Amino acid sequence: MSPVCNVTASILGQPWRWRGLASDTLGGGFVPDDLVTGLLLSRGCPREALELHRNPSIRGFMPDPSIFRDMDRAADRLADAVQAGEQVAIFGDYDVDGATSAALMVLVLRELGIEARPYIPDRLMEGYGPSGAALVRLAREGASLIVTVDCGAQAFEALDMARDAGVEVIVVDHHKCSTALPFAHALVNPNRMDEDEGAAHGHLAAVGVAFLLGAALIRTLRARGFFAGRDEPKLLELLDIVALGTVADVAALRGLNRAFVAQGLKVMAKRRNIGLAALIEASRLTRDPTCTDLGFALGPRINAGGRVGRADLGVRLLTTRDPAEARAIAEELDRLNEERRMIEAAVQEGAELLAERQANRAVIVVAAPGWHAGVIGIVAGRLKESLGRPAIVIALDEHGVGKGSGRSIPGVDLGGAVLAAKEAGLLAAGGGHAMAAGLTVAEGDIDAFSAFLDERLSAAVTRSIADRALLVDAVLAPGGIHPGLVDALEAGGPYGMGWPSPRIAAGPVRVIKADRVGNGHVRAIVAGDDGRSLKAVAFRQADTALGAALLGCPPHRRLWLAGRAKRDDWGARPAAELHIDDAAWVE
């Protein structure tokens, strides 16, 4: 198959290839329905399932919760707690997935007559996951049942302490497990090594697993006759929370996750959750939120509480009944998000300088004292994007203990490697999933840990880099990029990790005007041979080869541009613009 637009080496050094389909399949002349069919097929949708994927529904994708190990046992124990009016505590992680998972469990139990207590650990003082001290304290304060969400799958010591304190624990998680499992009344996790049919849903975020537990709990109570004189909780009305956690955790948007997000966005548009409604307003969104908004507007604000503020702000926002409290928390999260941006910029500058010295490493590992542990995951993601390799950023405290966060590239299982390093004795703690991981490491072990990752992952990184190409869905002249096209493309969504948004190659074009704007962005006006102009933006590319090409493009030279077609709502009438991922000279 010939490369798209004959681009074998773009300005960023990569070939352009068709995403799964030959060029004549996605060529010009298609009406929107045909284009959407092509988009679905090129993302791995079987032909017989086109309609199911075109309108992803919960009914179409929902599995029987009982296929997961320990699910029925967890639902039975929760049902006992509901019927006996026990005190239940929900222990969640401090990120968006943890906050949404905890909020979902609190709201479901509230509808069942139990006012569960949420507990979110402080990122800096307590670290990731359940500590034995926290679980024992919850037990002493009256909790007879604790549900951990988005954490707990590797909390051996903490769960042993909970058992000794006489409190039962249900673990609801999605992170990779080792062969040995900690002691718990039930451990529900599609990524258990001994999982059978449920392993097909290993891409679920923890909030998705919590949703399935909620469904199993309601079914169990229904079978016991609990709803003879009362209404059942409307679980589908909580899909807005499920969608937020799924997208913010960068879970693959395939299968059930696509249904969660597609239907969750519809629920969110109704703004039933007063906390989410307040957050949408604080984010200055004047339209219904999109999948992109979940990842780049709402998610970061929820995260800001756990990163640089009070860890429980996200759960409090999503579960409050008080509109005034919702507005106050949303405004505080918005302020904390701005503070997070400034902290992140400082850490990123230092991390980039250290990363320059690791050009021969398969996995970038940088560490320094003074870095804020709340932003290292974001910075790791930035390094991964700019360098094209997995990256781990470690913040060292005054005792020489490092808290690290890593992000990976397709085809490289970073979470599995971190778990293996822990089992090899190189880490005090660690785990995660294929694309992200967290860890605790002594400063003196960082070099050995880096060498371990290089030996384990270098072959996978080499393969991933060799297979790297910019995947394109369609080629259009600038005049073909308009609001109607954007709407048609959206019909193939929701888009995100594992279900990438369509990429358009546009051109050939001449650059009419280009400026450096904002924090290292390039804004350009380009014109095509069809006589139409198009606004284009290359985010964070001003100091790259791509930015230099756009800013210094001679009048006589032409370019192909590749990127995502987006709506431009700033003008008096609807328009479209191209968010540039890459460019190539027309030879």
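Predicted model: local features only at pLDDT ≥ 70, side-chain atom pairs only at ≥ 80, totals over all residues.

Student: Which residues make the contact between H5 and H8?

Tutor: From H5 they are Asp97, Thr100, Ser101, Leu104, Met105, Val108 and Leu109, and from H8 they are Ala206, Val207, Ala210, Phe211, Leu213 and Leu217. By class, the contact of H5 with H8 has ten nonpolar residues, two polar and one charged.

Student: What about H16 and H17: why are they called oblique?

Tutor: Helix H16 (residues 414-423) and helix H17 (residues 446-466) have axes that cross at roughly 130°. Roughly antiparallel needs an angle over 145 and roughly perpendicular one of 65 to 115, with the rest counted as oblique. H16 and H17 are therefore oblique to each other. The axes come within 10 Å, and this crossing is right-handed.

Student: Which residues of H16 and H17 meet?

Tutor: Leu414, Gly416, Ala417, Val418, Ala420 and Ala421 of H16 meet Phe449, Phe452, Leu453, Arg456 and Leu457 of H17. They divide into nine nonpolar, one polar and one charged.

Student: Which elements does H6 pack against?

Tutor: The buried residues of H6 pack against strand E2 (88-92), strand E3 (117-119), strand E4 (145-149) and helix H7 (156-164). In helix H6 (residues 132-140), those buried residues are Gly132, Ala134, Leu135, Val136, Leu138 and Ala139. Glycine 142, with a positive phi near 120°, follows H6.

Student: What is the pairing in the sheet E7-E8-E9-E11-E10?

Tutor: The pairing in that open sheet of five strands is mixed. Strand E7 (364-369) and strand E10 (429-433) are its edge strands, each pairing on one side only. Neighbouring strands are turned by 15° against each other on average, direction ignored.

Student: How do you know that E9 and E11 pair?

Tutor: The requirement is at least two bridges, and strand E9 (residues 401-407) and strand E11 (residues 436-442) have seven, in the antiparallel sense. Glycine 404, for instance, has leucine 439 in E11 as its bridge partner. Helix H15 (residues 376-387) packs on the sheet, touching E7, strand E8 (391-396) and E9, and its direction makes about 45° with that of E9.

Student: What does E14 pair with through isoleucine 504?

Tutor: Isoleucine 504 is the bridge partner of alanine 474 and stands opposite glycine 563 in E17. Strand E13 (residues 474-476) pairs with strand E14 (residues 504-517) in the parallel sense over three bridges, whereas E14 and strand E17 (residues 559-568) pair in the antiparallel sense over four.

Student: And where does glycine 518 sit?

Tutor: Glycine 518 is in the hairpin of E14 and E15, which has three residues between the strands, and takes a positive phi near 55°. E14 and strand E15 (residues 521-528) pair in the antiparallel sense over eight bridges.

Student: Last, two single residues. Why is tryptophan 18 called buried?

Tutor: Buried means under 20% relative accessible area, and tryptophan 18 has 10%, so the word applies. Tryptophan 18 is found in strand E1 (residues 16-18).

Student: And why is threonine 290 called partly exposed?

Tutor: Its relative accessible area is 32%. Buried would need under 20% and exposed over 50%, so threonine 290 counts as partly exposed. Threonine 290 lies in the loop between helix H11 (274-282) and helix H12 (291-308).

How values were computed:
Residues numbered from 1 in each chain as written. Heavy atoms only, no water. Axes fitted to C-alpha atoms, helices over the stretch in contact; angles between N-to-C directions. Helix = DSSP H or I, 4+ residues; strand = E, 2+ residues; numbered from the N terminus. Parallel < 35°, antiparallel > 145°, perpendicular 65-115°, else oblique. Left-handed = near helix turned anticlockwise from the far one by under 90°. Contact = heavy atoms within 4.5 Å. Nonpolar A, V, L, I, M, F, W, Y, C, P; charged D, E, K, R; others polar. Buried < 20%, exposed > 50% of the residue type's maximum accessible area, 1.4 Å probe, protein only.
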